[in-house]
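Open the model in your viewer and keep the selection panel at hand. The tour goes from one selection to the next.

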Amino acid sequence: MTGAGPNINPGLPTEIVALWQRVSERLRAEVGDAAFNSWLRPLDIGSFRDDRVMLTIPTRFMRDWVISHYFDRIVGLWENEAGTPSKIEIHVVPGSSVTSPVKSANIGNTEAPAPIAANAMVQEAGAPLDPRFTFADFVVGKANELAYAAARRVAESPTVPFNPLYLYGGVGLGKTHLMHAIAWHIRERDPSRKVLYLSAEKFMYQFITALRYKDVMEFKRLFRSVDVLMVDDVQFISGKESTQEEFFHTFNALVDQNRQVVISGDRSPPNLDGVEERMRSRLGWGLVADLHATDYELRVGILQSKVQSLGATEVPDQVLEFLAHRITSNVRELEGALNRVLAYANLVGRPINLETTQEVLRDLLRANDRRVTIEDIQKRVAEHYNIRLAEMQSPRRARAVARPRQVAMYLSKQLTARSLPEIGRKFGGRDHTTVMHAVRRIDDLRQADNGLAEDIDLLKRMLET
Ligand code: ADP
Ligand code: MG
């Protein structure tokens, strides 16, 4: 037996059992072994009456996944084999097919090997993976080449190349995409490897639930049993002491056993306010790779790839260039804009050109145009460096205030359309040459000083959103 439809209910008519096995085999041929083993093998036929087919699956998580990804296909194949319309339902029956890694290992269930059973548990604890977030769909440019290369290395390497891999960058720059891509790649190559992906929030939630139900042992066992742990948006773990403590121990236990850990955050480890010092320093021990804001070329590339993968109607280059030029905040917004243009053209049946694009995106373009003011910049920078706002105008030249003031001038030049003399005026009536000097100075310094470069990135991001 090839392994499809493994757990047949003995009360069922043999022709129905055979029918389900044929459906399973076709599914396996269509989706491939890896996806089949992970998601469809645990499906089982529970009962059959008239035209109603009840399938069972061990967890809700798997059910949701199967319904959203494979349900139409299952119905199609079943009806094809049965030759009549059928009503198919999928019910969660804990213990159906494979459930507990302990149980199936003990019983020696030959149809569903223990690693895959354990994987069902691990995936239940994690969050679903977005099928669009693969390496093939990730467009590489200067802004993300290091993060991409590191993610690929982690996904492809038979050993642990660096631990942890820490990915960081602003909203919508591809952190989650890369993490899912790692998970897909590993699962596809070797479905027996246990990959657990989840957000830091979900990690906390699971831990708190385990505490409440006095299930901490099980929690620990589960999280320490994975081959690859990926925790997304670690900045949300700040505060909550007991959770941080547990996170720290889980992290250390896995790293000690040479299991791969991948973490993402919205800023570099030393800047993770609210995360305990020992954790911050631990996060920086492996490879730290940041995703920068996209540049124009990368944005055009992403749009082109998206149009291609959607098999969408012709979109003139001019429109793509316009979008890449005007929507600079993040990739998510860029994709959203393209989707809106495509949807509109599709619905209204009008060709996509510059006019329709501008019309459809009027509100979005206006929001992206929202001008940052010099006052905003001064306020943010003063807060960031913890100096008084009045120092922006004061004549004091002590470095502790002069450097932040220069940063604010630099950002004013970068983020507003104001001229050097106008900027000078807002900084206590300074001369335009002083502003020019500040801009050059900061530009030079940020090449050499990572801390400063990061401060500037962070400030920019805060000012632009
Ligand atoms: P983050 O987790 O950093 O906030 P995401 O990974 O969720 O960002 O990315 C936001 C959206 O932008 C996703 O739809 C993702 O597929 C897309 N995206 C980001 N970077 C790229 C890229 N380099 N190539 C293709 N799509 C990208
Ligand atoms: Mg994300």
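**Around the ligand**

Start with Gly174: one of its polar backbone atoms is 3.1 Å from an oxygen atom of ligand 1. Keep in mind that this is a predicted model. Next select Leu173, where a backbone N or O atom lies 3.3 Å from an oxygen atom of ligand 1. Then show the side chain of Glu335, which has a polar atom 2.7 Å from an oxygen atom of ligand 1. The protein covers 93% of the 560 Å² of accessible area that ligand 1 has on its own.

Now select the residues around ligand 1. There are 17 of them, and those that come nearest are Val139, Gly172, Thr176, His177 and Glu335.

**The domains**

Colour the chain by its domain assignment: domain 1 is 14-115, domain 2 is 135-291, domain 3 is 296-369 and domain 4 is 374-464. Hide domains 1 and 4. The centres of domain 2 and domain 3, taken over C-alpha atoms, are 32 Å apart.

**Between domain 2 and domain 3**

Finally, look for polar links. One residue pair is in polar contact between domain 2 and domain 3, and zero salt bridges are found across their interface.

Conventions. Residues numbered from 1 in each chain as written. Chains lettered and ligands numbered in written order. Predicted model: local features only at pLDDT ≥ 70, side-chain atom pairs only at ≥ 80, totals over all residues. Heavy atoms only, no water. Domains from an automatic or database assignment. Salt bridge = Lys/Arg side-chain N within 4 Å of Asp/Glu carboxyl O. Polar contact = N/O pair within 3.5 Å; in protein donor to acceptor, adjacent residues only side chain to side chain. Near = heavy atom within 4 Å. Areas by Shrake-Rupley, 256 points an atom, 1.4 Å probe, with all protein chains shown as cover.
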